[in-house]
Amino acid sequence: MLFQLQVNPQFRDADHDGLIGLRGCMRYFQDAHTYFMHAIEKGNDVIPEKYGAAWIYTQYHVMINRKIDYDDPLLLKQWIQPYRRPLLLTLDSTIEQRGEIVACGKIETCVFDLNRQMPRRLSSIEFPDGVAEEVENKIPSFIGLGKSADGMEEIYQKTVRVSDLDKSRHMNNLRYIEMFQDAYCGDFWSEKEPHQMEIRFLSQCKEGETVTICSRVDEAGIHFAALHQDGTVASVAFFGV
């Protein structure tokens with residue numbers, strides 16, 4: 001099933017240069033996923049109350065060919081890859097503007113039990129058969145990020161507040177992008193201008209927790225890790241230049 005959604009570019013999704021980049025594209029991927037699942041009655045507006053569960057992301061990868069302007073609407077396309085594992089779904093996504101693919105990426109997601117705080121099988125929410133579809137595409141695979149902060153230095157700390165939370169009562173995945181970007185100033189990002197981003201979520205950050213953001217920069221790009229208060233890794237990310 002190929003899901004399509006037309007949206008207008010929003011200035012609220014822009015980077016500090018006024019155009020829409022990696023962070024905004026990830027918002028549009030999440031919008032597509034939200035309405036895709038809503039269309040088959042398995043969205044986060046339904047499954048928390050009906051099944052005591054919610055969709056959470058385990059990793060995603062975004063690549064942009066150019067930044068998005070405001071002259072024309074966007075066409076979001078998203079489809080679920082055929083899957084064998086009963087826990088994880090991978091969704092491929094593209095964003096088109098004026099008939100050109102301006103961004104593409106992958107989202108890996110699972111159903112998360114809100115009471116037991118652990119993943120659940122797709123069958124536990126009666127996920128329908130026949131939704132996955134093989135679509136020919138050139139979307140890059142996941143990089144496969146490591147799980148450590150080795151070689152990184154501490155940049156700053158952030159306390160998770162109520163405005164950071166989503167329905168799972170964890171910090172919303174989009175907040176991680178902002179948290180990592182805030183490690184450096186606008187001039188830094190203007191100079192580096194990343195064209196791809198991958199984030200992997202290893203454990204959840206909760207309200208009131210102080211998260212330490214660590215980073216290192218090399219020729220390939222900017223590497224990040226978010227650490228819990230006990231020093232374990234909550235998330236890792238890479239912004240490629």
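This report covers the nonpolar cores, the salt bridges and one surface patch of a predicted model.

Residues are numbered from 1 along each chain as its sequence is written. Local features need pLDDT of at least 70, side-chain atom pairs count only at pLDDT 80 or more, totals for chains, interfaces and linings use all residues, and side-chain values use heavy atoms, leaving out hydrogens and water.

**Nonpolar cores**

A nonpolar core is a set of buried Ala, Val, Leu, Ile, Met, Phe, Trp, Tyr and Cys residues joined through side-chain atoms within 4.5 Å. Buried means under 20% relative accessible area, exposed over 50%, and partly exposed in between (1.4 Å probe, protein chains only). The largest core has 59 residues, of which Met 26, Tyr 60, Ile 95, Phe 127, Phe 180 and Phe 239 touch the most other members. Its largest share, eight residues, comes from α1. Helices (H or I, at least four residues) and strands (E, at least two) are DSSP runs, numbered from the N terminus. Beyond its neighbours within four places in sequence, Met 26 has contacts (heavy atoms within 4.5 Å) that include Tyr 57, Tyr 60, Ile 107, Leu 174 and Met 197. A separate core of nine residues includes Leu 145, Met 152, Cys 214 and Phe 238.

**Salt bridges**

A salt bridge is a side-chain nitrogen of Lys or Arg within 4 Å of a carboxyl oxygen of Asp or Glu.

| Pair | N to O distance |
|---|---|
| Asp 15 and Lys 67 | 2.8 Å |
| Asp 164 and Lys 158 | 3.2 Å |
| Arg 169 and Glu 207 | 3.5 Å |

Asp 15 lies in the loop between β1 and α1 and Lys 67 in the loop between β2 (53–64) and β3 (74–80), so this pair ties together parts 52 residues apart in sequence. Asp 15 is buried at 15% relative accessible area, and Lys 67 is buried at 17%. Asp 164 and Lys 158 are both buried.

Arg 169, in the loop between β7 (153–159) and α3 (173–181), and Glu 207, in the loop between β8 (196–201) and β9 (210–217), are 38 residues apart. Arg 169 is exposed at 52% relative accessibility, whereas Glu 207 is partly exposed at 44%. Shared partners join Asp 13, Arg 27, Lys 158, Asp 164, Arg 175 and Glu 178 into one salt-bridge network.

**Surface patch**

Phe 11, Leu 19 and Tyr 70 make a nonpolar surface patch of about 300 Å². Patch residues have over 30% relative accessible area and no salt bridge, with like charges joined within 9 Å and nonpolar side chains (Val, Leu, Ile, Met, Phe, Trp, Tyr) within 5 Å. Phe 11 lies in the loop between β1 (3–7) and α1 (22–39) and is exposed at 60% relative accessible area.

Methods. Areas by Shrake-Rupley, 256 points an atom, 1.4 Å probe, with all protein chains shown as cover.
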